[in-house]
Amino acid sequence: IVATHSWTIPSWLHPYLDNTSWDDGAADLDSGHGTHVAGSILGNGVRSNGGIRGMAFKAGLVFQAVEQYVDVKSEYEALVPDGYRLYGIPDDLNSLFQQSYNDGARIFNNSWGSNSDPSGNLIYGQYTSESQAIDKFIWEHKDAVILFAAGNEGRDSGSRGMIDADSLSVQATAKNCITVGASENNRPHGSIPAPGADVPYGTGGWAADFPVSPISTDHVSDNSDGMAAFSSRGPTDDGRIKPDVVAPGTNILSVRSKVAKKRGWGLLPAGDPRRNFYMFMGGTSMATPITTGSVALIRQHLQNNGFPSPSAALIKAILIHGAVPLAGQYAPAEVGSVPNNDEGWGRINIENSLFPAPPAKPEFCDFSADAVAAGDQKSYTFTVVDCSVPFRATLVWTDYPSTPAAGGLVNRLRLSVMAPDGIIAQGSPENNNVQQVILNTVQAGTFTVRVTGINVPTAAMPGVNQKQEFALVITGGL
């Protein structure tokens with residue numbers, strides 16, 4: 001643990017509270033949520049002889065505790081009851097990120113989000129001042145990889161047996177972050193309400209959200225090719241694809257806070273010596289740290305192989321490039337061809353991202369000197385000698401922050417791939433700062449991958465570099 005910080009209740013809330021203290025410290029006293037999340041990223045498995053540990057179990061942790069207990073004055077309890085709230089989150093998210101960045105962190109896990117305005121109105125999918133702040137921090141700190149949970153607002157409100165679109169948390173709409181949704185785990189003998197129980201989505205607290213088949217009768221964690229029903233869906237209100245990727249988010253076993261009052265989704269069986277130290281939880285909050293730990297391993301691999309300070313855009317491109325499309329588990333399937341607003345570009349697969357099965361070989365491009373202005377083109381050539389695997393190209397750029405009123409892209413680039421026969425395939429989606437080309441039928445010979453500056457409005461970026469940097473990932477039988 002590199003550092004631990006507790007963010008206090010802000011002064012503007014003090015007149016509404018009877019608290020005797022504005023800071024209850026960093027201990028995870030209520031749900032154990034933050035401890036569980038941290039364990040999925042980098043728990044070292046010491047209480048399980050290494051059997052239960054995080055993705056990047058030798059990484060360092062800067063922990064920022066933003067949950068505080070509030071004792072609400074009686075006249076306001078009808079609006080906000082007493083309890084633990086995320087009131088430590090500052091109005092300016094850049095101050096939160098900057099503190100960790102100053103402590104040496106370059107990867108930021110955020111298993112939290114909001115979906116209402118100050119008046120309580122639902123604003124799913126909107127690009128807000130918080131979305132803008134996230135984009136601004138990454139724009140100004142090109143090596144800062146910020147991940148956000150998509151949210152747990154997936155619903156079948158029309159009793160159609162299908163999950164509604166447009167339920168993203170507003171932080172998850174940021175262009176430059178990695179937004180993570182939840183796929184199902186493969187743990188059918190999971191934890192709700194006890195190990196071995198058969199738990200479909202249409203039971204307990206979920207019954208009203210998923211009232212009809214096939215979702216209501218489906219077990220929450222029995223098919224790793226299926227989406228978790230509760231996972232928030234895109235698109236953003238300005239029409240971009242979100243989430244970016246998904247990872248397992250049901251019946252996730254990780255570290256349990258020794259002072260937490262709650263038991264998550266359940267504990268290990270009675271008599272198991274690890275019972276006091278681990279518990280099950282679920283949500284996009286649990287999918288995000290699995291992805292965050294994977295990002296740490298990608299970053300380490302890049303640093304060990306010629307990229308001492310890899311950009312957030314390159315890491316995002318590598319993660320998306322290796323993602324595996326879900327097959328789905330219902331008829332009709334709850335997912336479609338990627339990218340889509342259920343799973344984004346698919347379920348993360350770190351092996352596929354870094355070490356694709358031969359004869360596929362990866363190439364990474366992440367050079368600030370290759371930045372493009374409007375009308376510029378940057379071309380790369382690759383020689384394909386084995387046609388048995390697809391040729392794939394993924395482009396990502398860290399876009400300049402939009403205004404909340406406008407949303408969407410500020411700088412527009414376009415990816416294209418020209419095959420040896422001269423036929424050109426354009427990257428899609430065109431309105432996204434993630435674009436991809438996949439050619440399943442491949443010819444031997446020279447492929448030209450081109451990045452074009454379609455619109456890079458210098459007036460919209462006062463005082464900054466007037467060109468747009470980008471990252472590119474290629475795989476094929478090179």
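Predicted model: local features only at pLDDT ≥ 70, side-chain atom pairs only at ≥ 80, totals over all residues.
I started with strand β14 (residues 391–396), which pairs with β17 in the antiparallel sense over six bridges. Pairing here needs at least two bridges found by DSSP. Strands (E, at least two residues) and helices (H or I, at least four) are DSSP runs, numbered from the N terminus.

Residues are numbered from 1 along each chain as its sequence is written, and side-chain values use heavy atoms, leaving out hydrogens and water.

Next, the whole sheet. I found an open one of four strands, in the order β12-β19-β14-β17, with antiparallel pairing. β12 (361–365) and β17 (434–439) are at the edges with a single partner strand each, so one side of each has no neighbour in the sheet.

Then I checked what packs on the sheet. Helix α5 (residues 312–321) does, touching β12, β14, β17 and β19 (471–476); contact means heavy atoms within 4.5 Å. The direction of α5 makes about 30° with that of β19. Such angles run from 0 to 180 degrees between N-to-C directions, and axes are lines fitted to C-alpha atoms, for helices over the stretch in contact.

Last, I looked at helix α4 (residues 284–303), which packs with α5 at about 115°, axes 10 Å apart. That makes α4 roughly perpendicular to α5 (65 to 115 degrees counts as that). Among the α4 residues meeting α5 are V295 and I298.

Definitions and conventions. Parallel < 35°, antiparallel > 145°, perpendicular 65-115°, else oblique.
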